[in-house]
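User: I would like to go through the terms used for this model one at a time, with each label set against its cut-off.

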Amino acid sequence: MTVIRGWRPRADAEEVRYSAKLDSGAGERDRSAKHAFQQEEHHTVVTGELKSQIDKVWNAFWTGGIANPVEVIEQITYLLFIRRLDDLHTLAENKANRTGQPIENRVFPEGKDDTGRAPRDFNDLRWSVFANRSADEMFTIVGQHVFPFLQQLGETGSSYARNMKDARFTIPTPALLVKVVDLLTAIPMADRDTKGDVYEYMLSKLATAGTNGQFRTPRHIIKLMVDMSAPTPTDVIIDPAAGTAGFLVVAGEYLRDHHPEISPARP
């Protein structure tokens, strides 16, 4: 028997206790109590226009092909950090203009960055610059220059270096990148409280996604796991965490492709 399982977050002890209650017939009262507890625990002050803006960014990722909430938050965090670096550089520029002195502690060095396929001015790596470029050019700048730049910032062995060395740019298309950059640009991030509210709200969406079982295995991972399992027509295939039945659909496609004899003959 071939067993194909979808990935789900590992339940903690509290989750197991709740599941045991629900499975033993504790019913809707326990389910409602758990939901209310989680809503209270993840309460956030984000309301109105700011909440709507964050939801639009989240939905853009969802419809653009990134369904894993952890990956969505990761990419949003990187992009907001890139935007913050540009803000800091702009503050340093403004100070230099007022004082008539050279820029101190510049974020983006002078000269060209040669980490991509073609050298590019470091100035192009700034949010305020690449945000006004064409979709394809923006995609090239961010993927080939900005993220490698993030990885090499900071001193060797520092906390920043350890956490950013594996920074990955996973936005799949130029169109999605343009849409997300435009949406993030419209979110006011100068106020420190706003930054905290934004991340608190995103984390609450992550918690809600886990509660609702909205963690989806990427399709290429599903295909790899099915290929490795190599199901046959005589196997019993189960997916106890079916969700949207992605594993079952790909398993069916695998069987049709590798065992055409099981497909009904077409007239």
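Analyst: Buried means under 20% relative accessible area, exposed means over 50%, and partly exposed is what lies in between, with a 1.4 Å probe and protein chains only. This is a predicted model, in which local features need pLDDT of at least 70 and side-chain atom pairs count only at pLDDT 80 or more, while totals for chains, interfaces and linings use all residues. Residues are numbered from 1 along each chain as its sequence is written, and side-chain values use heavy atoms, with hydrogens and water left out.

User: Why is Ala-230 called partly exposed?

Analyst: Ala-230 has a relative accessibility of 33%, and because that value lies between the limits of 20% and 50%, the residue counts as partly exposed. Ala-230 is found in the loop between helix H10 (219–229) and strand S4 (237–238), where helices (H or I, at least four residues) and strands (E, at least two) are DSSP runs numbered from the N terminus. Its phi is near 45°, a positive value in a residue other than glycine.

User: What makes Asn-105 exposed?

Analyst: The relative accessibility of Asn-105 is 72%, so it counts as exposed, the limit being over 50%. Asn-105 lies in the loop between H4 and strand S2 (112–113), and although it is not a glycine, it has a positive phi of about 55°.

User: How do you know that Asp-55 is buried?

Analyst: Asp-55 has a relative accessible area of 17%, and because this is under 20%, it is buried. The residue lies in helix H3 (residues 48–63) and touches Tyr-201 and Lys-205, leaving aside residues up to four places away in sequence; contact means heavy atoms within 4.5 Å.

User: Why is H4 called roughly perpendicular to H6?

Analyst: The axes of helix H4 (residues 69–99) and helix H6 (residues 135–152) come within 12 Å and cross at roughly 85°. Angles of 65 to 115 degrees count as roughly perpendicular (under 35 is roughly parallel, over 145 roughly antiparallel, the rest oblique), so H4 is roughly perpendicular to H6. The axes are lines fitted to C-alpha atoms, for helices over the stretch in contact, and angles run from 0 to 180 degrees between N-to-C directions.

User: What makes the buried residues of H8 line one face of the helix?

Analyst: In H8, the residues Leu-176, Leu-177, Val-180, Val-181, Leu-183 and Leu-184 are buried. Seen down the axis of H8, they fall within an arc of 165°, so they line one face of the helix, the arc being that of the directions from the helix axis to the C-beta atoms.
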